[in-house]
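Me: I've got a structure loaded and I'd like to go through some strands, a pocket and a helix residue with you. Can we take it bit by bit?

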Amino acid sequence: MGSSTISLGLGLGGGKAATSSGRLAGGGSAYNLDSTFGISVIPSLHLDASILDGSDSSNNPSDGSSVATWGDRSGNGNSFAESSNQPTFKASWLNGKPAVEFDGSNDVMSDSNFFTSVDFSAKDATMIIVYQPTNDTSYALTDTGSFSGDDRTYSNGNLYSSSFLNTRINNGAFNEKYPAARSAATFGLRIDNTAETYKIYYNNRLQFNHTSYASSHFQTTGGAMKIGCGDSTYKLDGFISEVLVFNTALSDDDFNVIHSYIDNKYLVHKYNNVSGSYALNDSYSTTVTPVMHFSAQTNIFKSDGSSPGDTEQVYRWTDKARGYHAIAGNAPILNTNQINSSLNGIYFDGTDDYMDVFMLGMLGDFSDFDGTAIFLFEPNSDSAYEPVGIGGSNSGRLYIGSSASYADVFRNARLAGAGTSGYFSSTGVQLASVVSNKAANTYKIFKNGGSDVFTSGQSASATAAIFDDTKNMRLGSTTKTPSHHLKGWLYEVLVFDEPLSNANLNAVGNYISAVYGTSYTDIS
């Protein structure tokens, strides 16, 4: 049941088509981002590759064409141009939407009088950029500040940002995991002179907050704004699809609406910070909310955004807890009436099918590398498999055809040939619960509840997984280079960013048993 590779880059899915210019929208909004999302402020600049000339998407060039001018959608006429070293137009990027590709060498676009035509004297600014680096470990996205050297939006885990500044932030550390070198993301910046705050976001999650930079160091370039670089060095090797700039500090409402629009259009996650109890169904709940909860019974989509039928490809799988997306690298298929007479299963062919969740480390709080992964699966006579990969390597396997494992979920390296009892098998519906606990120095795996199936010698010294763009989260395969694919079905996947208590493990296990008719023994 193999399927052809249907994704480009690192994250695609179904969504809505781009709309025309949003100036002077109806429906009570000052500016329409599309037919669904509107904001109360007209941007000073809105570059949108879906409407490259800023007016009509039907005028978009063919794939691979050089981009001499990128028109401003806002209606303010702040278009960007380049006469010689021009980037190229990518007709289908994230979710099939266009982008402009910069080569990391000399592709830069500029508006020579942006800062003379837009008034930033109030020292307030908001900038939001949808982009994807191409394994670029040190880059800048825009040149907006008067500081002349070494501006970097991201540099090997740190930032040296001088956006709208006459100096730069040196060795700025991200609050949680830094952005990956290849994963698509939404960069956000809000500068509020009144509150004296300088805040940097990724996917609507606050990553950096510096209170001293806003008023004392605010200074624009004095004239031109550039995209694709920070200055003469550290140019972006990658894609940019949208740039929005405001000469105000946007309200939370407008900032959130823009991120909802971006997530809906490109399926770039919008961080959803929820906490507290979580209802698994009407009968069972956990005291903590999972980072994500995938169920094959809901939120599954084809490439056109519609619901698949039996044996049709599953292009996107959106979790129930926070709305994060697993995107097909090579699409599995849906099997209806697969389990418990009437319930769905998502079938991975064991050859090349897998789905990815990008930037997992920035979607939860894995600062201590604690976590719990619970997944219900059914191998189809598969002698070696990894149903869910988180961290680890390309050689991890929950089952290797005998009473042993190369377990590596939430680990930097696998446990080679770890002995197990009551081990997993090549057929049959099975529930795996993997619990990594740094404080207790334990690493436990349970099969259908009951007792830890690892031997006592393998239950200590769990090694922290490093979440980068080669070790995100993968459904149906190991991480890094896809290997040891699952031949079989996934039904439920839950991930928590803490080691669950036995009571919460049992709540999940009994919920799954009640829904799917599977066996489960309480963990004590």
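Me: Which residue in S25 stands opposite arginine 316?
Reply: Keep in mind that this is a predicted model. Strand S24 covers residues 316-318 and runs antiparallel to S25, with three bridges joining the two. Arginine 316 sits in that pairing, and the residue opposite in S25 is isoleucine 327.

Me: Which residue in the turn between S24 and S25 has a positive phi?
Reply: S24 and S25 make a hairpin, with six residues between the strands. In that turn, a positive phi of about 85° belongs to glycine 323.

Me: What is the bridge partner of alanine 328 in S28?
Reply: S25 also pairs with strand S28, residues 354-357. The two run antiparallel and three bridges join them. For alanine 328, the partner in S28 is methionine 355.

Me: How many of the six residues of S25 are buried?
Reply: Buried here means under 20% relative accessible area. Strand S25 spans residues 325-330 and is largely enclosed by the rest of the structure, because the buried count is six of six.

Me: Which element gives the largest share of the lining of the second largest pocket?
Reply: This pocket holds about 190 Å³ of space. Its lining has 13 residues, and the closest to the centre are Val435, Lys444, Phe446, Asn502 and Leu505. Strand S33 (430-437), strand S34 (442-447) and helix H4 (502-516) each supply at least two lining residues. The largest share is three residues, and it comes from S34.

Me: Is aspartate 253 buried or exposed?
Reply: Aspartate 253 belongs to helix H2, residues 252-266. The cut-off for exposed is over 50% relative accessible area. Aspartate 253 has 59%, so the label is exposed.

Me: How many Å apart in space are aspartate 253 and serine 40?
Reply: In sequence, aspartate 253 and serine 40 are 213 residues apart. In space, going C-alpha to C-alpha, the separation is 9.1 Å.

Technical notes. Residues are numbered from 1 along each chain as its sequence is written. This is a predicted model: local features need pLDDT of at least 70, side-chain atom pairs count only at pLDDT 80 or more; totals for chains, interfaces and linings use all residues. Side-chain values use heavy atoms; hydrogens and water are left out. On a 1 Å grid over the protein atoms alone, a cavity is a set of points where a 1.4 Å probe fits but cannot get out, and a pocket is an open set with protein on both sides within 12 Å along at least five of seven lines; lining residues have an atom within 4 Å of a point. Grid points are joined across faces, edges and corners, and a volume is the space filled by probe spheres set on the points. Helices (H or I, at least four residues) and strands (E, at least two) are DSSP runs, numbered from the N terminus. Buried means under 20% relative accessible area, exposed over 50%, partly exposed in between (1.4 Å probe, protein chains only). Two strands pair if DSSP finds at least two bridges between them.
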